[in-house]
Amino acid sequence: MPYQTDNIFARILRQEIPAQIVFENDHALAFMDIMPQAPGHTLVIPKYPAETLLDLPAECAGEFLQAVQTVAAAVKQAMNAEGIVLMQLNGPAAGQTVPHLHFHVIPGSIATLRQPHAHTPADPEQIRQIAESIRAAMASSR
Ligand code: 5GP
């Protein structure tokens, strides 16, 4: 199926709907998940319109993974996390619910994922405060 340009992350990329953005460069955008599986749950998406990792041109993969690494480091620092879980689902059969490639960056461990996947909206004010800390961690590492 061709890439669906009306998916929610494409709309966030086009700034049609708001998001708590914590990182942006020419290749990627990162923002807070509104239904976090743990506090600090952040999503990193490429600007390239790929539905899954398998649709991302190989020449875009390096820049995108660097963005994931940058965001993971800032989330780890901001949340004072010992570990970071990276999760990335490809296709509805794998449980992917938004058809634009993304990495989940989740502080903690697989055992501390408090909420089921894409299930419970968190308090927007709490998400905003956590986003502030992640942006501060990002700025301090530059
Ligand atoms: P997937 O199931 O595709 O791997 O993950 C999609 C993620 O997007 C889920 O963790 C879900 O909570 C999150 N999500 C769904 N809708 C929105 C939205 O409108 N804004 C944000 N920031 N996250 C969303």
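I began with the largest pocket: 26 residues line it, and Phe 9, Met 32, Asp 33, Ile 34 and Met 35 lie nearest its centre. The model is a predicted one. I noted a volume of about 480 Å³ for this pocket. Sorted by class, its lining has 18 nonpolar, 7 polar and 1 charged residues. I then checked which elements take part: α1, β2 and α3 each supply at least two lining residues, and α1 gives the most, with 3 residues.

Next I took the second largest pocket, with a volume of about 170 Å³. It is lined by 16 residues, and Pro 36, Ala 38, Pro 39, Ala 122 and Gln 126 are the closest to its centre. Here α3 gives the most to the lining, with 3 residues. By class I read 8 nonpolar, 6 polar and 2 charged.

Last, I turned to α3, which runs over residues 124-140 and reaches 24 Å from its first C-alpha to its last, close to the 24 Å expected. Which residues of α3 are buried? I listed Ile 127, Ile 130, Ala 131, Ile 134, Ala 137 and Met 138. Down the helix axis they fall within an arc of 120°, so they line one face of α3. What covers them includes β1 (21-24), β2 (28-32), β3 (42-46) and α2 (58-78).

Technical notes
Residues are numbered from 1 along each chain as its sequence is written. This is a predicted model: local features need pLDDT of at least 70, side-chain atom pairs count only at pLDDT 80 or more; totals for chains, interfaces and linings use all residues. Side-chain values use heavy atoms; hydrogens and water are left out. Helices (H or I, at least four residues) and strands (E, at least two) are DSSP runs, numbered from the N terminus. The expected span of a helix is 1.5 Å times one less than its number of residues. Buried means under 20% relative accessible area, exposed over 50%, partly exposed in between (1.4 Å probe, protein chains only). The arc is that of the directions from the helix axis to the C-beta atoms. Contact means heavy atoms within 4.5 Å. On a 1 Å grid over the protein atoms alone, a cavity is a set of points where a 1.4 Å probe fits but cannot get out, and a pocket is an open set with protein on both sides within 12 Å along at least five of seven lines; lining residues have an atom within 4 Å of a point. Grid points are joined across faces, edges and corners, and a volume is the space filled by probe spheres set on the points. Ala, Val, Leu, Ile, Met, Phe, Trp, Tyr, Cys and Pro count as nonpolar, Asp, Glu, Lys and Arg as charged, and the others, Gly among them, as polar.
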